[in-house]
Amino acid sequence: MGGQVPGPVHPDDGDPVLGRGGVGRGDRTPRRFRLRRHRDHRCPARARSGALGSRKWDPLWKACEEAGLSVSFHTASGDFREMLKHDEDDGLVGGVRVAADGPHIYLANAVIVSDLLVSGILARFPTLQFVSVESGIGWAPFVLDALDKRFQKNGVFRSHPEFGDMLPSDFFKRQVSLNFWFEQLDDYHLETLSLKPLMFETDFPHPTSFHRPTLDENIELVLGRQPEEVRRAVLWDNAARLYGKAMEKQGVNPSQAVAGLTS
C-alpha cells in the first residue's frame, strides 16, 4: 500500500434519512434523492422495528433498487435513548459508561440485520444492497450461523418458498455489507462472511474511532495479517463497487483509483 490510503468513499451531499411514516404508492422520494446525486438511503437502525418486512415499504425498496441506491442502517440513528438508559445505582460513570454503551448500540444493528435477512425483502429485490454502518463485524458470523441453523431446523423452505434454496447467509453475502474500524480481520471472518461485504471505516471523529495514534497504524491493527488483495478490497474495492456511481459524480473513476492502489 506504500502508506497511501484513498480518501473516504461515501454518497455526496450527506445521507437522505427515512422516517417512520411509511411510503405511499405515489411517493417519488428516492427519485428526488437521485436527482440530488445521492447514492445511499439511510434508515434509522432501531431494534425490533416490527414493520421492516411490511409490504408497505415495497415501493421504497423498488424505487431504491431501480435508482441504484444502497440502503444503510446506521447505528445510533433514530431514537435510541431507551437503549442507553442506566440505573442511577449501577455505578457506571465517565469512560466506563461510554464503553458499556458501545456494544448496546452495535448489537442493535445485529437485530436489524437479522430481521432484514428473514423479512423477504432481499428475495423480492435481489439487486438491492443494504449496509450496516458503524456496527462492526464480530457479531455477524454468530447471527448468520444461528439463522441458517434455525432455517434448516424449522423447514422454512417448505413454509416460505419465496426464499428458494437460499439460506440467510446466502442473502447476506449477496446483498449486505458491513464496515469496521478496530476489530482485527482474521481468516475466520473471511471464511464465514466472505470478502465482498467488508469495508474499513475510521469513524473519525467519534470517540470510538482511532485505536492507534495514526491512520496507518490503525489500518495495520485491523488488516496487518491480511495480504495485499484483501487489504485493497477492504480499503477500496468493495466500497468503490457499492458507491461507484457516486464516485463518478465526484469526478473519480473507481477503476483507475483501484488500480492506483497497487504499488
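Biologist: What is the relative accessible area of Asp 145?

Modeller: This is a predicted model, in which local features need pLDDT of at least 70 and side-chain atom pairs count only at pLDDT 80 or more, while totals for chains, interfaces and linings use all residues. Residues are numbered from 1 along each chain as its sequence is written, and side-chain values use heavy atoms, with hydrogens and water left out. Buried means under 20% relative accessible area, exposed means over 50%, and partly exposed lies in between (1.4 Å probe, protein chains only). Asp 145 is partly exposed, and its relative accessible area is 40%.

Biologist: With which residue does Asp 145 form a salt bridge?

Modeller: A salt bridge requires a side-chain nitrogen of Lys or Arg within 4 Å of a carboxyl oxygen of Asp or Glu. For Asp 145, the closest N and O atoms of the pair are 2.6 Å apart. Helices (H or I, at least four residues) and strands (E, at least two) are DSSP runs, numbered from the N terminus. Both residues lie in helix α5 (residues 140–153), 4 residues or about one turn apart, and the partner is Lys 149.

Biologist: Which members of the largest nonpolar core touch the most other members?

Modeller: A nonpolar core is a set of buried Ala, Val, Leu, Ile, Met, Phe, Trp, Tyr and Cys residues joined through side-chain atoms within 4.5 Å. The largest such core holds 46 residues. Phe 130, for example, touches residues including Trp 61, Val 71 and Ile 121, not counting residues up to four places away in sequence. The members that touch the most others are Trp 61, Leu 117, Phe 130 and Leu 185.

Biologist: How many residues form the second, separate core?

Modeller: Among its members are Val 133, Met 199, Ala 239 and Tyr 243. The number of residues in this core is 6.

Biologist: How wide an arc do the buried residues of helix α7 cover?

Modeller: In helix α7 (residues 168–175), the buried residues are Pro 168, Ser 169, Phe 171, Phe 172 and Gln 175. They lie on the same side of α7 because their arc around the axis, taken from the directions from the helix axis to the C-beta atoms, is only 160°.

Biologist: Which residues is Asp 148 in contact with, leaving aside its neighbours within four places in sequence?

Modeller: Asp 148 is found in helix α5 and counts as buried, at 12% relative accessibility. Contact means heavy atoms within 4.5 Å. By that rule, the residues in contact with Asp 148 are Leu 167, Pro 168 and Ser 169.

Biologist: How do the rings of Tyr 106 and Trp 181 pair?

Modeller: Rings of Phe, Tyr and Trp (its six-membered ring) pair if their centres lie within 6.5 Å; planes under 30 degrees apart count as stacked, over 60 as edge-to-face and the rest as tilted. By this rule there are 7 aromatic pairs. In the pair formed by Tyr 106 and Trp 181, the centres are 5.5 Å apart and the planes stand at 80°, so the arrangement is edge-to-face.

Biologist: Where in the chain do Tyr 106 and Trp 181 lie?

Modeller: The two residues are 75 residues apart, and their pair links distant parts of the chain. Tyr 106 is in helix α3 (residues 94–118), and Trp 181 is in the loop between β4 (176–180) and α8 (187–193).

Biologist: What is the phi of Glu 134?

Modeller: Most residues other than glycine have a negative phi. Glu 134 is placed in the loop between β3 (130–133) and α5. Although Glu 134 is not a glycine, its phi is positive, at about 60°.
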